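Biologist: I'd like to learn how to read a protein model. Could you walk me through this one?

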Amino acid sequence: MKILYAGTPAVAVPPLVHLAERPDAEIVGVLTRTDAPVGRRRVLTPSPVAQEAERRGLPVLKANRVDAALTGRLRELGADVAAVVAYGALVPREALEALPHGWVNLHFSLLPRWRGAAPVQRALMAGETVAGASTFLLETGMDTGPVIATTTDPVRPEDTAGTVLDRLSRTAAPLLADSLRAVVDGTARPEPQHGEVTLAPKLTGEDARVRWDEPAAAVAARVRGVSPEPGAWTLLDGRRLKLGRVEPRPDEHGLAPGECALRDGSVLVGTGAGAVRLTEVQPAGKKAMDAAAWARGTGTAGVVLG
């Protein structure tokens, strides 16, 4: 089967690699977003998918929107079907109908839960204990198409959004390949989505700000969901303090929301119910450091974070 692959970030690389190495698949083109500024120097850099495709000698098309001209170029590639993994732009109806077997999307949630750009992040922030991935036929709606197949993955206590996405991108790669094969062969049986619809809009910097009036478990869930990007933060003396992993301590009492204390060598911060233990912090303009060492060195006991 001849495949057009559409994807952009690092999470879309493992499925591309899997398809490129599968004997019954031929990738005739890779669609990705244009080069973007990266790092403090804002150097224009190809996307992770573009870099992998170029390393393998695959034809690469770069575009931030699928217009009529690009649709014509995609049609000329002669692909049977398209695979989509976090491409980052909507595909209009004309382009969806340009390929004989349509477009199959790999989405990192159990649809219809968490439709949108940040499904794993929002699921962890909501405290869900099971993650998953779905393949579905792409429609013009946001992640609304009929589901072909799913896979689940338990969320581990140490997981962040980054570790779950990395794991799912690898374990769900064969699911995408098998779904493409079934669609081309005519053996796929897509089912309409059923159940509660929840939305997963792209994270903002404000989403990553810790709400200390939330219970300890919710604070920890937020931190896990926004790690590693955009990264959890709070305010200390009006300046951002970035936070690493935090551990819920629901039985710790006596601290007001945001109030810090150094107890038995651990930095505790009060929440709306219980406390959390900080493991690592990064003050503005400095490198990340052990939270207890930071507290001892700066005398932050009794300080209130906001």
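Modeller: Happy to. Start with contacts, meaning heavy atoms within 4.5 Å. Here, of the contacts in the protein chain with a separation of 6 or more, 66% join residues 24 or more positions apart. Please note that this is a predicted model, where local features need pLDDT of at least 70 and side-chain atom pairs pLDDT 80 or more, while totals for chains, interfaces and linings use all residues. Residues are numbered from 1 along each chain as its sequence is written, and side-chain values use heavy atoms, leaving out hydrogens and water.

Biologist: How many helices and strands does the protein chain have?

Modeller: Both are DSSP runs numbered from the N terminus: helices (H or I) need at least four residues, strands (E) at least two. This protein chain has nine helices and 17 strands.

Biologist: What percentage of the residues count as buried?

Modeller: Buried means under 20% relative accessible area, with a 1.4 Å probe and protein chains only. Of the 306 residues in the protein chain, 49% fall in that class.

Biologist: Which residues have the most contacts inside the largest nonpolar core?

Modeller: A nonpolar core is a set of buried Ala, Val, Leu, Ile, Met, Phe, Trp, Tyr and Cys residues joined through side-chain atoms within 4.5 Å. The largest has 38 residues, and Tyr5, Leu19, Phe108, Leu176 and Leu180 have the most contacts inside it. Helix H7 (residues 173-185) gives this core its largest share, six residues. Leaving aside residues up to four places away in sequence, Leu180 touches Met1, Ile3, Leu19, Val81, Ala82, Ala83 and Val104. There is also a second, separate core of 28 residues, including Leu203 and Val226.

Conventions
Buried < 20%, exposed > 50% of the residue type's maximum accessible area, 1.4 Å probe, protein only.
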